[in-house]
Amino acid sequence: MKSQASPITNADEIRLALGIGQPHQRPTRGWTGGHPVVPIPDSHNESLTLFCTRCDIMTAGIYAKPTDTFRRCPACSSLLGLCLVCQRPVSFRERYNLLCCDRCHNDFVTQSTVDDLIRREAGSREIVLSGIRATGELHYGNYFGAMKQFVEFAKGDNLCLFFIADWHTLTTCREPEVVRPNTLRIAMAYLAMGLDPNRAIMYGQSSVPEIAELAMYLSMLQNHAPLISMQSVEDMITKSTENNPFTLGKLTYPVLMAADILGPKSTVVPVGPDQVVNVELAADLARKFNNRFRSVFTIPTHHISETTVPGLDGEKMGKSANNWVSLLDSEEGILRKYQRDGVTDLARITKNIPGTPANCKAVFPLHEILLADKPEELGKVVTECSTAARGCVDCKRELARNLFIELAPFRERWAKLSEKPDFVREVLHYGGLKAREIITPTVAEVRECMGIFPN
């Protein structure tokens, strides 16, 4: 959140705060490399000495441009300023348009951060939000059905927020040794897909406590009966046991999801067909609130992926169905899974019997997805299958090879990110700070409308 003690980066304001004298009339140049600062001849001003914590040197700093009002270290180009938390002239790291003091390591959401978010929101065509539960490795269903769309949404003039739904994960998984590392793995997958953290805001759901507060306010408007009748909630009731009880969190998770959506005033929510009802619930709650109080919420719309990826058994690929293939599987691993469990045309008992691609449950649909932009190659698959020129084993081998090739850039980026876990944590941390800046004003409006004292 924006600190009341934000750092001072304007050189003239730093001088005044340190009691050095009147503002400079012209920039100070040069660098002392740890030696006493030699002032530029000026009868009215003494040189402003700042300390680069990263380089461990005293420096007068330099101006990158004559019009600048802030200074940088000549050695490492770190921004120099006055941290009002540790009360020192220090250097700052600049990450994703936020500042971090190199001495006390406090993070600062500055006014420039807020201004940047306001500009992006005002200039965006859509505010896109989507989340993935922290349930472990991602599979080809996630890749083709959702994550490729995320990258496309983020390329345009949209403001995109993608979060890891660790709170939602607790409805089915409560082992911290599972939830926490899975959150990082999914963040790595977002980055390995090619999402740019400078454009798309990536964060952990739990890093924005205002979402939980908003869910509590929305729950005051939501009757319990419609929640119980939702298919996803009914499924959890049916599957509940003594060791897996139907908890209050499972009943109210659709309201929490509504808070995820309405907090940043999302306009588009990419979801699978089974999640449309949750977006509709969020839209209904937005209308209820707007009609009862005042127009605070944007009415969200859903965007359904046109790509449904079959699992090994021919049904929709998913972790719960245990019919999935991991994005990190080797070519041999992919082939082994399809040879063992991949369901093809059940009427084709032997290779010399012509097949019917439309009846192939698990393999041909993925060929269609992979070769959508290559009609000649797809036509070859159809012709050779229907004339018995290729068998199902050949088709599975080609599919495994093409899937492995498709994910080559993903695996390369994943390998590099695996060596930089601190970078992944940093992306989530700073993304959470930005998400709070976007969502907090919405919660403040809701508090005011409902008669709750402001923070």
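Where is Lys 265 found? Lys 265 sits in the loop between helix H9 (248–262) and strand S11 (268–271). Helices here are DSSP runs of H or I with at least four residues, strands are runs of E with at least two, and both are numbered from the N terminus.

A word on the source. This is a predicted model, in which local features need pLDDT of at least 70 and side-chain atom pairs count only at pLDDT 80 or more, while totals for chains, interfaces and linings use all residues. Residues are numbered from 1 along each chain as its sequence is written, and side-chain values use heavy atoms, with hydrogens and water left out.

Back to the lysine. Is Lys 265 buried or exposed? Lys 265 counts as buried, because its relative accessibility is 19% and buried means under 20% relative accessible area, with exposed over 50% and partly exposed in between (1.4 Å probe, protein chains only). Its side chain reaches the backbone oxygen of Val 296 at 3.2 Å. Neighbours within four places in sequence aside, Lys 265 is in contact (heavy atoms within 4.5 Å) with Ile 127, Val 296, Thr 298, Thr 442 and Glu 445.

Next, a sheet. Five strands form an open sheet in the order S3-S4-S5-S6-S7, with antiparallel pairing. Strand S3 (71–72) and strand S7 (107–108) stand at the edges with a single partner strand each, so one side of each has no neighbour in the sheet. Two strands pair if DSSP finds at least two bridges between them. Strand S5 (residues 88–95) and strand S6 (residues 98–101) pair over 4 bridges, and the partner of Glu 94 in S6 is Leu 99.

Technical notes. Polar contact = N/O pair within 3.5 Å; in protein donor to acceptor, adjacent residues only side chain to side chain.
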